[in-house]
Each structure stands twice: as structure tokens, then as C-alpha cells.
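Please look through the sequence and the model shown here before reading on.

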Amino acid sequence: MLLEQSAAAPVWAAHADAWQAEGRIRGPYGGGAEELPGVRLMASGLPYAQWNAGDVTDPELVDLDAVRAWYAARAVPWGLRVPPDVDWPHGRLALRKRCMGLRADAFAPVPCPPGVTIRPAVPGELELLARIDATAFGDPIEPNLGWVAPQLGAEGFRHVLALLDGEPVGVATGIRTRGAGEESVGVFGVGVLPEARRRGIGAALTSSLVSWGFDGGAALAHLNPETDDAARLYARLGFTEVTGLDIYVDMVDGGLR
């Protein structure tokens, strides 16, 4: 059962904090982060709409022309995440992004499965991380290289690798933030190679990053399940699904074409 939107608001704010942290580390690569009236923006500098997005916080204050101009200056496609109760007349509703949240007192950590170890990745493992991520999600490797590279070694970011009998088979990324969404840890990109699935590795990767966040002072953990199976996995760790965010695209002139 989904929790009401009052429970979702801290998760939405923490999610926006994490995305703005992504934008800030990508300033040297054409990205950035900005707060305009009613909206929090980020850009990666990469030409993929899923990695350039803003979060609407007050739809009555948003100047869409200013948002368009901000993204036009970076020449990237983009979209906006909008609370689902908002009458948003701009662009096209592409999908509902699912959200889950977890407080420290509800966390149920899990141990590593037999034969599995989890350790932090190091900058020299960029290609390994990108390859496992691309294979796990069925994506090309080149965009993943551009996405992962600025994260490695950045303050507040942590990549972990899962090894099965010494062989790398899984990856995940954690982002610790302190902002509108209080002190939080977001878990992203939990991916396991097909031949190593259904062993509890995804749960162990997630548990490792949530523990890292809570041990470092986070009060809230958050993530975005893409499937019902993933949501059930995260629920076993204590996560609760909250109302998701609507993602709008095609807000041209200027925007995603």
C-alpha cells in the first residue's frame, strides 16, 4: 500500500537533493545545479534526457521559459518531475517514477550470501563498474562511462562491487546528502549480472549502502524500484513505498524533442 503524499514529501526532497549533488559534480563536464522559483534543476552535460531533470516544488512559481533557457544553455534534453496531484499543463506525461523510503529504526539489514563479498570500488575500476552496470541493465557501455566517471572519488558518493567467488558480478551507487530532504542516503543503480541473480546479491548491495548512510548520520534512505520484484526486495529491508513522481517531457520550444 502506498503512503499518502505527506509521507512522500521527505523522500521527494531527498531525491531532489541527490540529483542536484549529481549536477554539482558535473560542472566541469557541462552539467550543473540551480534553484529557480518553484523548481530545482540539475544537468549532467550528457545528451540523455534521463540524466538531465528538475524537480518541481511549487508549480505556481515555475517560470518555464527560465527553465527552458537554463537547459538550452547546456544543449541537453531534459524533463521535470512533478508531484502527482499537480495539474501540470506542460509537455507530455512520460511515466510515474516509483519512490520508497526508510527510516533508520525500521532498517532490517541482510548479510552477504555465501560466497559473496561486497567492497567499495576505486577510481581505477571505472570500466569494470560501467561494464557490469551496462550488462545488468542491457545498456551500451559508452553512456555509462560518462555517467560514472565524475562520481568516482566525489565527496558523498560511494560505489560498491559485489564479488561472487572472487568475480565481480554486481554494482550499486550510494549518495549521501544534507539539504531540503534532511540528511539522507540515496541508493541507485543496483545491478547484478544475469548469471548471478536470485542469490540475494541485490539486497546485500542495497543493505551495504544503507548501512553506510545511516552509520554516517543519515536519517532517511530512499530509492526508486523499477519493478514489483525490486519493490518486494527492498521492502524486506524495511523500505516502504510512497507516492511516486510524474515525469514530464516534450516541454518545447526548448526541452526534450
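What follows is a short report on a predicted model, arranged by topic.

## Nonpolar cores

The largest nonpolar core holds 52 residues, and among these Leu161, Ile201, Leu205, Val210, Tyr234 and Phe239 touch the most other members. Helix α5, which covers residues 201–215, supplies the largest share of this core with seven residues. Tyr234 can be followed through its own contacts: when residues up to four places away in sequence are not counted, Tyr234 touches Met100, Val190, Thr206, Leu223, Pro225 and Phe239.

Apart from this, there is a second, separate core of 17 residues, which includes Leu41, Tyr71, Val82 and Val86.

Val56 belongs to strand β3, which covers residues 52–56, and it counts as buried because its relative accessibility is 6%, where the limit for a buried residue is under 20%. Once the neighbours within four places in sequence are left aside, Val56 is in contact with Gly38, Val39, Val62, Leu80, Arg81, Val82, Pro83 and Trp88. As a guide to distance in the model, the C-alpha atoms of Val56 and Leu129 are separated by 32 Å, and these two residues are 73 residues apart along the chain.

Asn144 is found in helix α4, which covers residues 141–148, and with a relative accessibility of 4% Asn144 also counts as buried. Its contacts, again leaving aside neighbours within four places in sequence, are with Trp51, Ala130, Asp133, Ala134 and Asp139.

## Salt bridges

Side chains of opposite charge can pair when their charged atoms come close. In this model the count of salt bridges comes to 13. One of them joins Asp17 and Arg40, whose closest N and O atoms are 2.6 Å apart.

Another salt bridge is formed by Arg178 with Glu183, with the closest N and O atoms 3.2 Å apart. Arg178 is exposed, with a relative accessible area of 69%, while Glu183 is partly exposed, with a relative accessible area of 22%. Salt bridges that share partners also join Asp17, Glu35 and Arg40 into one network.

## The second largest pocket

The second largest pocket has a volume of about 290 Å³. It is lined by 17 residues, of which Ala21, Arg24, Arg176, Thr177 and Arg178 are the closest to its centre.

By residue type, the lining divides into three nonpolar, six polar and eight charged residues.

## Positive phi angles in two loops

Most residues other than glycine have a negative phi. Ala75, although it is not a glycine, has a positive phi of about 55°. Ala75 is placed in the loop between α2 (64–72) and β4 (79–82), and it counts as exposed because its relative accessibility is 67%, where exposed means over 50%.

Arg198 is another residue other than glycine with a positive phi, in this case near 65°. Its place is in the loop between β9 and α5, and Arg198 is exposed, with a relative accessible area of 83%.

Key
Residues are numbered from 1 along each chain as its sequence is written. This is a predicted model: local features need pLDDT of at least 70, side-chain atom pairs count only at pLDDT 80 or more; totals for chains, interfaces and linings use all residues. Side-chain values use heavy atoms; hydrogens and water are left out. On a 1 Å grid over the protein atoms alone, a cavity is a set of points where a 1.4 Å probe fits but cannot get out, and a pocket is an open set with protein on both sides within 12 Å along at least five of seven lines; lining residues have an atom within 4 Å of a point. Grid points are joined across faces, edges and corners, and a volume is the space filled by probe spheres set on the points. Ala, Val, Leu, Ile, Met, Phe, Trp, Tyr, Cys and Pro count as nonpolar, Asp, Glu, Lys and Arg as charged, and the others, Gly among them, as polar. A nonpolar core is a set of buried Ala, Val, Leu, Ile, Met, Phe, Trp, Tyr and Cys residues joined through side-chain atoms within 4.5 Å. Buried means under 20% relative accessible area, exposed over 50%, partly exposed in between (1.4 Å probe, protein chains only). Helices (H or I, at least four residues) and strands (E, at least two) are DSSP runs, numbered from the N terminus. Contact means heavy atoms within 4.5 Å. A salt bridge is a side-chain nitrogen of Lys or Arg within 4 Å of a carboxyl oxygen of Asp or Glu.
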